[in-house]
Amino acid sequence: MDKRLRGRRGKSCVFDPNKIFEQCRQSATAFINHFKNWLTSQDSALQNLLEKLCQQLGDPKEAIRVIIQTDEPLLKKLPWHEWDLFANIITQAEVALCPTEYEKPSVVPATDKTAIRILITKSN
């Protein structure tokens with residue numbers, strides 16, 4: 001057997017799953033905070049775009065959806081749902097992701113909904 005593939009002898013490590021879970025949670029929270037700060041930074045191109053959109057949208061109570069079209073796998077992995085889109089300006093805003101190219105879904109023909117079908121079975 002190749003010696004490089006065998007485990008090392010010596011000290012063994014004991015991992016505390018609760019400690020690891022807490023470290024992961026803290027890292028995730030820190031990442032989300034950095035992401036949100038990046039999105040809302042004053043020199044961000046996204047922030048400039050959002051300010052222009054806010055001026056054009058009109059009613060701040062109207063629901064809007066911002067669709068990000070991308071095929072970049074890394075962009076799809078970002079926590080876009082954490083983004084406070086327009087902060088307190090537009091209260092009903094959400095972000096959605098979609099690919100840059102997609103096929104239109106086929107239309108299923110409507111069935112006659114006036115017909116009633118009843119299935120009766122006889123049990124012994």
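A residue is called buried under 20% relative accessible area, exposed over 50%, and partly exposed in between (1.4 Å probe, protein chains only). The views below show a predicted model, in which local features need pLDDT of at least 70 and side-chain atom pairs count only at pLDDT 80 or more, whereas totals for chains, interfaces and linings use all residues. Residues are numbered from 1 along each chain as its sequence is written, and side-chain values use heavy atoms, with hydrogens and water left out.

**Overview of the chain. The protein chain contains three helices and two strands.** Read from the N terminus, these elements follow the order α-α-β-α-β, where helices (H or I, at least four residues) and strands (E, at least two) are DSSP runs numbered from the N terminus. The protein chain has 124 residues, of which 15% count as buried. When contacts (heavy atoms within 4.5 Å) are taken between residues at least 6 apart in sequence, 70% of them join residues at least 24 apart.

The side chains of Glu22 and Arg25 meet in a salt bridge, with 2.5 Å from N to O. Side chains of opposite charge can pair when their charged atoms come close. Because Glu22 and Arg25 are three residues apart in helix H1 (residues 17-40), about one helical turn separates them. Glu22 is partly exposed at 29% relative accessibility, and Arg25 also counts as partly exposed, at 42%.

Leu57 belongs to helix H2, which covers residues 45-57. With a relative accessible area of 32%, Leu57 is classed as partly exposed.

**Close-up of the paired strands. Strands S1 and S2 run parallel and are joined by six bridges.** Two strands are taken to pair if DSSP finds at least two bridges between them. On S1, one face is covered and consists of Ile64, Val66 and Ile68, while the uncovered face carries Arg65, Ile67 and Gln69. From the covered face of S1, Ile68 stands opposite Leu97 in S2.

Thr70 sits in the loop between strand S1 (64-69) and helix H3 (73-76). Thr70 counts as buried because its relative accessibility is 7%. Its side chain reaches the backbone nitrogen of Glu72 at 3.0 Å, a polar contact, meaning a pair of N or O atoms within 3.5 Å in which, within protein, one must be able to donate a hydrogen and the other to accept it, and residues adjacent in sequence count only if both atoms are side-chain atoms. Leaving aside residues up to four places away in sequence, Thr70 touches Leu75, Lys76, Cys98, Pro99 and Thr100.

His81 is placed in the loop between H3 and strand S2 (93-98). His81 counts as exposed, since its relative accessibility is 66%, in contrast to Thr70, which counts as buried. Although His81 and Leu97 are 16 residues apart in sequence, they lie 9.9 Å apart in space, taken from C-alpha to C-alpha. Leu97 is also the residue in S2 that Ile68 stands opposite.

Key:
A salt bridge is a side-chain nitrogen of Lys or Arg within 4 Å of a carboxyl oxygen of Asp or Glu.
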